[in-house]
Amino acid sequence: MQNNKLERLKLKIDLIYKKLLIFSAIAGGSWIYGTKLSNSFIGFLLFGFFIFIATGIAVNILKLNAIEKELS
């Protein structure tokens, strides 16, 4: 029973880690292109997209923190 729960937590951590990696790459790219195109409408959209992705990163970090507390 305990081993099964530990395996599920490991899978959750792995999925969250992969989402964080992808979100970080997307956030970095949208930030760079947003600063290059800051005077255009597309630049404004990229900054909005960056805010959206940064929120997703924060949510996933909070999920990892909750799993860490559960393991302690």
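1. Asn60 has a relative accessibility of 3% and therefore counts as buried, since the cut-off for that class is under 20%. The structure under review is a predicted model, and this value, like those that follow, should be read with that in mind.

2. Where does Asn60 lie? Asn60 belongs to helix α2, which covers residues 41-71. When neighbours within four places in sequence are set aside, the contacts of Asn60 are Ile16, Lys19, Leu20 and Phe23.

3. The next point concerns the pair of helices. Two packed helices are described by the angle between their axes and by the distance between those axes. For helix α1, residues 2-36, and helix α2, the axes come within 8 Å and cross at roughly 160 degrees. Angles over 145 degrees count as roughly antiparallel, and α1 and α2 are therefore roughly antiparallel to each other.

4. What is the handedness of the crossing of α1 and α2? The crossing is left-handed. In the contact of α1 with α2, the residues comprise 20 nonpolar, seven polar and five charged.

5. Lys10 is a residue of helix α1. Is Lys10 buried, partly exposed or exposed? Its relative accessibility is 48%, so Lys10 counts as partly exposed; the class of exposed residues begins over 50%.

6. Lys10 and Phe23 are 13 residues apart along the chain, and 20 Å separates their C-alpha atoms.

Note on methods:
Residues numbered from 1 in each chain as written. Predicted model: local features only at pLDDT ≥ 70, side-chain atom pairs only at ≥ 80, totals over all residues. Heavy atoms only, no water. Helix = DSSP H or I, 4+ residues; strand = E, 2+ residues; numbered from the N terminus. Buried < 20%, exposed > 50% of the residue type's maximum accessible area, 1.4 Å probe, protein only. Contact = heavy atoms within 4.5 Å. Axes fitted to C-alpha atoms, helices over the stretch in contact; angles between N-to-C directions. Parallel < 35°, antiparallel > 145°, perpendicular 65-115°, else oblique. Left-handed = near helix turned anticlockwise from the far one by under 90°. Nonpolar A, V, L, I, M, F, W, Y, C, P; charged D, E, K, R; others polar.
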